Amino acid sequence: VNIDGDGRGELGYWLGRAHWGRGIMKEAVAALLRHALDHPSLRRLIADTDPENLRSQRILTAVGFKDRGLRDRSSPTRRGSTQLRGYEFPIDRQ
């Protein structure tokens, strides 16, 4: 998780195909989330997925991220995707 000067953190990850379907990434994302929330400067935590990446979308929602919908990507991917599905984790620092 990277946190910028405004308290915005971005969660990113990648897992090799040979390791898919084992629950590794859900466990890792949950651990990273717990660690990130310990940083008092964190005000907003986001993550993006390819709209077709249903596995990552399920992981993010399972650990508490909220779907913020589709938005345009600045440049297409190798497969030509021009959109991202955005997620945000609700942080209450009151």
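Six salt bridges turn up in a search of the whole structure, a salt bridge being a side-chain nitrogen of Lys or Arg within 4 Å of a carboxyl oxygen of Asp or Glu. This is a predicted model, in which local features need pLDDT of at least 70 and side-chain atom pairs count only at pLDDT 80 or more, while totals for chains, interfaces and linings use all residues. Residues are numbered from 1 along each chain as its sequence is written, and side-chain values use heavy atoms, with hydrogens and water left out. Helices (H or I, at least four residues) and strands (E, at least two) are DSSP runs, numbered from the N terminus.

- Arg44 and Glu88 meet through their side chains in a salt bridge, at 3.3 Å from N to O. This pair links distant parts of the chain, with Arg44 in strand β3 and Glu88 in strand β5, 44 residues apart.
- Glu88 also meets the side chain of Arg68 in a salt bridge, at 3.7 Å from N to O. Arg68 lies in strand β4 and Glu88 in strand β5, so this pair ties together parts that are 20 residues apart in sequence.
- Through shared partners, salt bridges join Arg44, Arg68 and Glu88 into one network.
- Asp48 forms a salt bridge with Arg71, and their closest N and O atoms are 2.6 Å apart. Here, too, distant parts of the chain are linked: Asp48 is in strand β3 and Arg71 in strand β4 (residues 66-72), 23 residues apart.

**How open these residues are**

- For relative accessible area, buried means under 20%, exposed over 50%, and partly exposed in between (1.4 Å probe, protein chains only).
- Arg68 counts as exposed, at 54% relative accessibility.
- Arg44 is partly exposed at 37%, as is Arg71 at 40%.
- Asp48 is partly exposed as well, with a relative accessible area of 27%.

**Helix α2 and its buried side**

- Helix α2 spans residues 54-62, and its buried residues are Ser56, Gln57, Ile59 and Leu60. They cover an arc of only 160 degrees around the axis, which puts them on the same side of α2; the arc is that of the directions from the helix axis to the C-beta atoms.
- These buried residues pack against α1 (24-37), β3 (44-49) and β5 (83-89).
- Ser56, in helix α2, is buried with a relative accessible area of 11%.
- Neighbours within four places in sequence aside, Ser56 is in contact with Tyr13 and Thr49, where contact means heavy atoms within 4.5 Å.
- Just after α2 comes Gly64, which takes a positive phi of about 110 degrees.

**The largest pocket**

- The largest pocket has a volume of about 1100 Å³. On a 1 Å grid over the protein atoms alone, a pocket is an open set of points where a 1.4 Å probe fits, with protein on both sides within 12 Å along at least five of seven lines; lining residues have an atom within 4 Å of a point. Grid points are joined across faces, edges and corners, and the volume is the space filled by probe spheres set on the points.
- Of the 33 residues lining this pocket, Trp14, Leu15, Trp20, Asn53 and Ser56 are the closest to its centre.
- α1, β3 and α2 each supply at least two lining residues, and the largest share, six residues, comes from α2.
- The lining divides into twelve nonpolar, nine polar and twelve charged residues. Ala, Val, Leu, Ile, Met, Phe, Trp, Tyr, Cys and Pro count as nonpolar, Asp, Glu, Lys and Arg as charged, and the others, Gly among them, as polar.
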